[in-house]
Number of protein chains: 4
Amino acid sequence: MAQSKGTVVLAYSGGLDTSCILVWLKEQGYDVVAYLANIGQKEDFEAARKKALALGAKKVYIEDVSREFVEQFIWPAVQANALYEDRYLLGTALARPCIARRLVEIAQREGAQHVAHGATGKGNDQVRFELSCYALCPKIKKHGIPVPVTPKTPWSMDENLMHISYEAGILENPKNQAPPGLYTKTCDPANSPDTPDVLEIQFERGVPVKVTNTGDGATRSSALELFVYLNDIAGKHGVGRIDIVENRFVGMKSRGIYETPAGTILYHAHLDIEAFTMDREVRKIKQGLSLKFSELVYNGFWHSPECEFLRECIGHSQEPVEGTVRLSVFKGHVYILGRESPRSLYNEELVSMNVQGDYEPADATGFININSLRLKEYHRLQSKVTVKQDE
Amino acid sequence: MAQSKGTVVLAYSGGLDTSCILVWLKEQGYDVVAYLANIGQKEDFEAARKKALALGAKKVYIEDVSREFVEQFIWPAVQANALYEDRYLLGTALARPCIARRLVEIAQREGAQHVAHGATGKGNDQVRFELSCYALCPKIKKHGIPVPVTPKTPWSMDENLMHISYEAGILENPKNQAPPGLYTKTCDPANSPDTPDVLEIQFERGVPVKVTNTGDGATRSSALELFVYLNDIAGKHGVGRIDIVENRFVGMKSRGIYETPAGTILYHAHLDIEAFTMDREVRKIKQGLSLKFSELVYNGFWHSPECEFLRECIGHSQEPVEGTVRLSVFKGHVYILGRESPRSLYNEELVSMNVQGDYEPADATGFININSLRLKEYHRLQSKVTVKQDE
Amino acid sequence: MAQSKGTVVLAYSGGLDTSCILVWLKEQGYDVVAYLANIGQKEDFEAARKKALALGAKKVYIEDVSREFVEQFIWPAVQANALYEDRYLLGTALARPCIARRLVEIAQREGAQHVAHGATGKGNDQVRFELSCYALCPKIKKHGIPVPVTPKTPWSMDENLMHISYEAGILENPKNQAPPGLYTKTCDPANSPDTPDVLEIQFERGVPVKVTNTGDGATRSSALELFVYLNDIAGKHGVGRIDIVENRFVGMKSRGIYETPAGTILYHAHLDIEAFTMDREVRKIKQGLSLKFSELVYNGFWHSPECEFLRECIGHSQEPVEGTVRLSVFKGHVYILGRESPRSLYNEELVSMNVQGDYEPADATGFININSLRLKEYHRLQSKVTVKQDE
Amino acid sequence: MAQSKGTVVLAYSGGLDTSCILVWLKEQGYDVVAYLANIGQKEDFEAARKKALALGAKKVYIEDVSREFVEQFIWPAVQANALYEDRYLLGTALARPCIARRLVEIAQREGAQHVAHGATGKGNDQVRFELSCYALCPKIKKHGIPVPVTPKTPWSMDENLMHISYEAGILENPKNQAPPGLYTKTCDPANSPDTPDVLEIQFERGVPVKVTNTGDGATRSSALELFVYLNDIAGKHGVGRIDIVENRFVGMKSRGIYETPAGTILYHAHLDIEAFTMDREVRKIKQGLSLKFSELVYNGFWHSPECEFLRECIGHSQEPVEGTVRLSVFKGHVYILGRESPRSLYNEELVSMNVQGDYEPADATGFININSLRLKEYHRLQSKVTVKQDE
């Protein structure tokens, strides 16, 4: 019997593409360890295990990474208000470095020199997978797979606990509307309940620590349960659907339709409590850092010195982001209703129109005069220049 | 009879505060010219004219600035995707420099050395008014008015064609939910129609030039009519409500509840067509400029060299932003359905998962390897440092 | 005898202006505590003490804040490569919050409700002083002093350990060249030694920890001594002179001539070791933070939440900035000669033109092809548009 | 005789590497057109022509692109104050897109489908060349050349009108000092003249239009002559040498020693006249754009939509940058002596310490009070939090 060429850990999905890759790797003489990450997608994991073994996998790892996905990847994104190109909440982009990190760990545990995956199209995911692997283990060899990608009909999907994406197939024409039956994580707002759910979400250090449904008094506190509960509520009310054209790292524009139910609620809630508790100028600096963070995550640089640096800085900014936001979830939309916090920088007396407090109207005059100095100088010069040109 | 101390042009609203100011200025010996800007608010302008004359105004200007408000102030904000602190569409902030510009023009026409206004609270509007006036006419004197501001019960409002704001009074407690009867520009989504309106909005150079309702075939093309029509549709479906805490230029946090119906539709539609037609890297640079633009507009620096500069740069970026966005307006939310453009940088063949096109998989390998060089070096060094620390 | 109106702590310089203020405060019925900060300026402190007492000061504090100035204010600026408007090393701006912090401490120790200072011109220093005081002690009252500023002839100076500034008087005409006799901290490069001093500066966490003169073997290690030594060497070789027009926070342009001997050497040395040890992308983010930091320091916001936040972030970035820079100081200029570091990210083998190492030329092809995808798409569209326009 | 495989235009330098490539291309069956750009390097162009023909080139183009290099590439960099990583004036990076543009023009004129060049190492120049070519002519094929790069001893050089670089060989050890005989464009400051040259440089729209030597009255006005003259003066006084470690686009750090004589003078002069004439806030925005511009140029994206956009924006900012800077060039350093401009925003009366002018001291009080509001709130909250933690 031929000697093994070594061990490959394959990020296995149970689907056709990665099954073909598994077989092909075996044929090439590799021992294959299949690794299937449970990151919250709907999947029959035991069936996948059997299939991998049947196809010749030496070993199968089914790893539940849901909790670390929420706590170590989604939470930092919530703290950052991470949004790629003003719209995309980065559901897939956040999952890749989480899946890849475990892939590398398994490779190291198994003494494997190779990893393989099925993300071989024109997309971001190949980049995200491989950059993560190389950053965490520079010596790992990525196995190039000649297996052709299966055309996806009527479209392709990628799902995890945070979101599901639909792209390719009939969606590739950016003019085509998403067909009604496409969505799977959220209810059609046209058929969603006629009464809202009103939630109170409590934050500490910029991450949610408790959610309370004021209707039935239900509460959730652990990261994973809380996130799953928000997915349920948001899904029931049709919250979190977007249809966008975005710019991929490899230089092309692509069209994607996404559902991010819990993520959408948390985006709005965190924005609100942050604005309430964070100093204006700190917020402005942090906003710039978050823009960069979102771009890096999208492009696959989660495991990079610059992204680590940004997470530290952003994390530091979240120290005072504490308090409770009250919001209503209804017919595809999230409405902020009110907020309170022991760390608020909001000073009701200072802002009140009915109380003078420490605010001296004369100060405003001075403030405006000094701010206008520069504008007056500019006007003075412009007039001079204009007069000259008219002569 | 006492000699006049000169002429003051007063930005008159017809309300109690500016009426008191008018009387007080007369008592001080000034000739008062009342100027009432019609910027789309609901108001009985003729009643206001009569009132001003009855109170002693020498002359009353009622100036319809709606069209220039849309074309010269709202359109640049649409091009910029202007958003203050991630949420506020700047409805009041955009109106102030438009109103102030006409105020200065009238002062110059009337040979008045003074202007006066009623925005004397702790807010942004005094700053916005006065910076605009000083920037446009450095020699103008602003008249300081000792008239106390009337406590607003149950809250205060400011309205124009683009938006209405509610603040102060019972809303000053940021925990208090907005009372149901507060909103005036938008229908409660709970009572809004059960079928959406589907619109097609056509853009040229980043501004809307035509809207078509695919349901009844209604179209609007002129800037003002188009904007009013979008206000109607968005208002009918409850689109554009927000409840936020924001940071004022003068250094305090305040709570505001806003309705911006048409502005909300245009924000989403423009984002979409821009992403479809603008190069990724140009977009990123432009996004940074827009952040700065939004801050400047909020703070009252519309009429400033830096804001002029930004408008020129942003305007230049909009040259290719052309095409049509299809969207649905329903139950408080705007859903993008599809888009098309003769200037699109979206290449369906290039992105297609079913066609290889010019995209060489081997290129992705090289791209990833080069991008990972830096990450590998960093890992190499970190390992060295860690090993050393462990010794 | 009249009752005291309370105690004022006066930032006293020993000069005419603050002496007048001292007398005036006494006349107004205040007890005056004079505080004179020794921040490295050349001054007869004992003479100043006697003068203050003779003028009626109840108590005189002469506080040596040089060491904390270097360690807590200059070092963070070195870490940041802080530079205002591309040229000014912030010598005065860094001193103000250091002096003001002690002023507030003394006021608190003495139970004084008031502070006073002599920086009442049109400049930045009034702003810097007072913002620092209010930030550190919101309840402190700043005493407004009607004493007119003495015209400075032929110019005014402000000195501390880091720098000296010359402005006003004959220098107010920005065309006038600085007179030859003006400079006091640095030798005229025309008369400076004809042989360089070659120094090795060792950094840890982005701050200098040791300087060695390779000529005579002299070394300095403590922060203060090291900084003084660099001042000596740089001063001897005429390093650190600039003549600039800058933008003051209050909105006007001013002209200043500055000498910053040690600061100039450290700016160049730190830039070099940082580039050698810091990841490229971390550096780029840090550079943006430093720009903001410099602006805040200039404007007087050292003691602010945003500046604290920036110092934490920048400080964090300096963790790997370690190693030794070799440089030559000669005739007004600093020349970097070489550098070494245990934390360097420079990989001689990887970069070598004579060794292939891990670098695959084919990877560069893929990298370039992917990077050019977007450019090709843009060209394709531009051609289409141009053709259309030509038709 | 074998049929030609088509025509290749080769960017030919006359050196060993590109000569080998020429021969190899002939052997492969291509017709080779040699193109040698005269971009200001010292070279025997006629000898190179003969050599190319002798090696089998079908045709030789020797193109003088010096003038367009100065006017279309260096001038925009001067306007931008372009500086990569705070130190490098981009001398090589600016030349590549200039050379490549002509390469593509020649390919189009000759109907060639292929281009080739000798920049095949690990560096930036391959990227810069090829990105430029693809951006300008997406269909061009770059010819991959298997010819090994010749080890450079003792180092390699790249020269053009703006600068010369030295790297590789013995310089690859970043600790090694540059040997004394290395520099070719500038005199050793130790041996440079003992009297300075004092120049007056006049700018219009941010570019130099005239230089006058106040010593001998010499003047230069045309772009190319002016630049050459500044090279002479700066070279004579040893101005423009740097020794840096920089980050290449392909992800490695490299060490380079550069001479940029005229560019260094212009950098300082332009900074000065810009600060004198440009509004503070416009400057700040423009500074951010310039940082991005410098990075793009370094990375090879001169011919890209984003770099075009930046050039337009930066160019627009230069409209008021007009006036004359007086400076001294001496012993390796450039000293600004004074400046004047008809477009200056410097207001001598406003800034004067001896004249009150329009500046009201009370305004400063109001300005400071409003600016401190936010700081006081922050302090108030911090105290509350601290007290709570102490309980």
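**Salt bridges across the whole predicted model.** Counting a side-chain nitrogen of Lys or Arg within 4 Å of a carboxyl oxygen of Asp or Glu as a salt bridge, we get 128 of them over all chains. This is a predicted model, where local features need pLDDT of at least 70 and side-chain atom pairs count only at pLDDT 80 or more, while totals for chains, interfaces and linings use all residues. Residues are numbered from 1 along each chain as its sequence is written, chains are lettered from A and ligands numbered from 1 in the order in which they are written, and side-chain values use heavy atoms, leaving out hydrogens and water.

**Close-up of E105(A) and R102(A), a salt bridge at 3.3 Å between the closest N and O atoms.** Both sit in helix α4 (residues 91-110) of chain A, three residues apart, so about one helical turn separates them. (Helices are DSSP runs of H or I, at least four residues; strands are runs of E, at least two; both are numbered from the N terminus.) E105(A) is partly exposed at 34% relative accessibility, whereas R102(A) is buried at 13%. Here, buried is under 20% relative accessible area, exposed is over 50%, and partly exposed is in between (1.4 Å probe, protein chains only).

**Close-up of K142(A) and E130(A), paired at 3.3 Å, N to O.** This one links distant parts of the chain, 12 residues apart: K142(A) is in strand β5 (residues 141-142) and E130(A) in helix α5 (residues 124-136), both of chain A.

**Close-up of E159(D) and K42(D), a salt bridge with its closest N and O atoms 3.6 Å apart.** E159(D) lies in strand β6 (residues 156-159) and K42(D) in the loop between β2 (31-38) and α2 (45-54) of chain D, so parts 117 residues apart in sequence get tied together. E159(D) is buried at 17%, but K42(D) is exposed at 59%.
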